[in-house]
Amino acid sequence: LSIIKKRVISDKKYSEQRLDVLSALVLAENTLNGPSTKQRRLIVSLALSVGTQMKTFKDEELIPLQLVLKKLDLISELTERIRAQCDCCFLYWHRAVFPIYLDDVYENAVDSARLHYMFSALRDCVPAMMHARHLESYEVLLECYDKEIMEVLNEHLLDKLCKEIEKDLRLSVHTHLKLDDRNPFRVGMKDLAHFFFLNPIRFFNRFIDIKAYVTHYLDKTFYNLTTVALHDWATYSEMRNLATQRYGLSMTEAHLPSQTLEQGLDVLEIMRNIHVFVSRYLYNLNNQIFVERTSNNKHLNTINIRHIANSIRTHGTGIMNTTVNFTYQFLRKKFYIFSQFMYDEHIKSRLIKDIRFFREVKDQNDHKYPFERADKFNRGIRKLGITPDGQSYLDQFRQLISQIGNAMGYVRMIRSGGLHCCSSAIRFVPDLEDIVNFEELVKEEGLSEETQKAARQLDSVLSDLTRNFAEGTEYFKMLVDVFAPEFRSPKNMHLRNFYIIVPPLTLNFVEHSISCKEKLNKKNKSGAAFTDDGFAMGVAYILKLLDQYQEFDSLHWFQSVREKYVKEIRAVAKQQSVQSTNQDEKLLQTMNLTHKRLEVCLQEFELLYFSLSSARIFFRADKTAAEENQEKKEKEEESAKASNGDLSSSTPADPVVK
């Protein structure tokens, strides 16, 4: 332009047209010397349309100039042109393509990174929608659009991805079941991990995080399914670990009380059906375990302290008191039947006769209750009648006492389970002797009301746990105190004969126990059992309620049994030594069997004696009711004195307080 301008100036012919051309060239030159805005380019264009008059430009000069100006226009409008070319608002009218596109992305996971571009394209529809006039507010249209896109995304990508990942984890954990053909050469293989390396996708006012979505789905599914079947916790833990290793997902631990494969019944189930439980399960005193009596399966269920602790952790400690309350209701019904049996004329008359007989002969028998008398009672009661399955009234009475004992064993297990649960919960407290008050500390720091409330809650939880752990409720004492006054009242005098029925009951129990243990070695195991300590617990509990430990001990029953069996064993041994010289094999075999049977009977009586002695410890057998009442009275007097002493020392001047 400057060359042309010089050429126009150097031309001496002056005219107004030439001056206009020169002015236009100067204007174009000055305008180009600055930013290339739309207005400047327009002015340049107008100026050149004037400046090119009068053949000021040669052809070879004009063409390059026009080319350069065209390039300048292109560069200046580049952003706008790209924006116009890349505007994908047309997708609004072709939304049907989106689900097909997502299906394709899902099938070819390698291209998953392109999802970002697709959502950028979908965002281009928004500015056009903002100019919508057919609705009261364009917000409604945007909301519908947002909802539609998210529904399509969930249906065609996210939900399919969640299901596929879950299926993959399940099949990988259960490979030992050989569920289907997973050979990648035959069925192909998709690497879905590519989706989890994507950055969150921005769409409207949300971020779509595929990794977080799938993680949340798996967490929720695993948690819900674990709550339904707690014994599957190990499987879901494996699946969580596998999800972390294979897909890099950060899974959340469920923190549900883990159950074991031999979980057995839940505390709630037992509580609701305690009458069924005590008749179907057998108690073992030493291992504190319940074993199912019979089962249609090839295994028997067991219930021990760990299961009870897990159940208490699941349902909360409040369930313990409810369980004991249910047990109390159950015992009331059972004691009514117990009282009816003891009141029966046939039973009562026999027992009174036995008591009178023992008083008459005790000096001759060294104060020991004769074995023959108990055996006679056991056999004689069968004459009163038997049930269709061959059980006498004494068998049924023994079962009743066993059920009462099982209920007490269950209460003991509940207490042990509660302590077990408390100890596992309180193990995170560093020092039980010195627990700080969080509420005071929070108030000192001047924190918010919500924080103070939370601290108060934490303090109450800690104090509750500490108290439960330190004391543990004496449920046995409660169940003795609630029934004892009624049992010991004069109107229930017929119950005072109970101690004399214990010897025939023990005989009956030993016979039953031996037959149960013998069935263990047989092919048909119906009725087989190796433990039934519920009987010992029941006898100990009822003797305590009637305050008859001393009366029962006065019978010296177990010494009498031991002497009887030892005497018979010695007699058989003596006969064996005599017969061994005669070499009569059949007679020797018979004697060996007799010897073995006597030893088994003695061993069973010994086991029952040990179980009964152990069970008596729970009910403080060393003290009679009178001694316990005296001890209680002394404690009350001491506490009253202590409280009076505190009051007198604190405010001696105030007569009202005194």
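**Close-up views of a predicted model**

**View 1. Contact of α6 with α7.** Phe98, Tyr101, Leu102 and Val105 of α6 meet Leu115, Met118, Phe119 and Leu122 of α7, where contact means heavy atoms within 4.5 Å. By class, this contact of α6 with α7 has eight nonpolar, no polar and no charged residues (Ala, Val, Leu, Ile, Met, Phe, Trp, Tyr, Cys and Pro count as nonpolar, Asp, Glu, Lys and Arg as charged, and the others, Gly among them, as polar). The axes of helix α6 (residues 97–107) and helix α7 (residues 115–123) cross at roughly 170 degrees and come within 12 Å. Axes are lines fitted to C-alpha atoms, for helices over the stretch in contact, and angles run from 0 to 180 degrees between N-to-C directions. α6 and α7 are therefore roughly antiparallel to each other (angles under 35 degrees count as roughly parallel, over 145 as roughly antiparallel, 65 to 115 as roughly perpendicular and the rest as oblique). Helices (H or I, at least four residues) and strands (E, at least two) are DSSP runs, numbered from the N terminus.

The model is predicted: local features need pLDDT of at least 70, side-chain atom pairs count only at pLDDT 80 or more, and totals for chains, interfaces and linings use all residues. Residues are numbered from 1 along each chain as its sequence is written, and side-chain values use heavy atoms, with hydrogens and water left out.

**View 2. Contact of α19 with α23.** α19 packs with helix α23 (residues 498–519) at an angle of about 95 degrees, their axes 10 Å apart. That makes α19 roughly perpendicular to α23. From α19, Leu394, Asp395, Phe397, Arg398 and Ile401 meet Phe498, Ile501, Pro504, Leu505, Asn508, Phe509 and His512 in α23. Eight nonpolar, two polar and two charged residues make up this contact of α19 with α23.

**View 3. The largest pocket.** About 650 Å³ of space lies in the largest pocket. On a 1 Å grid over the protein atoms alone, a cavity is a set of points where a 1.4 Å probe fits but cannot get out, and a pocket is an open set with protein on both sides within 12 Å along at least five of seven lines; lining residues have an atom within 4 Å of a point. Grid points are joined across faces, edges and corners, and a volume is the space filled by probe spheres set on the points. The largest pocket is lined by 25 residues, of which Phe476, Lys477, Asp481, Arg620 and Glu628 are the closest to its centre. α19 (393–426), α22 (475–487) and α28 (625–650) are the elements that give two or more residues to this lining. α22 supplies the largest share, seven residues.

**View 4. The largest cavity.** The largest cavity holds about 50 Å³ of space. Phe558, Val561, Arg562, Leu602, Phe605, Glu606 and Tyr609 line the largest cavity. Four residues, the largest share of this lining, come from α27. By class, the lining of the largest cavity has five nonpolar, no polar and two charged residues.
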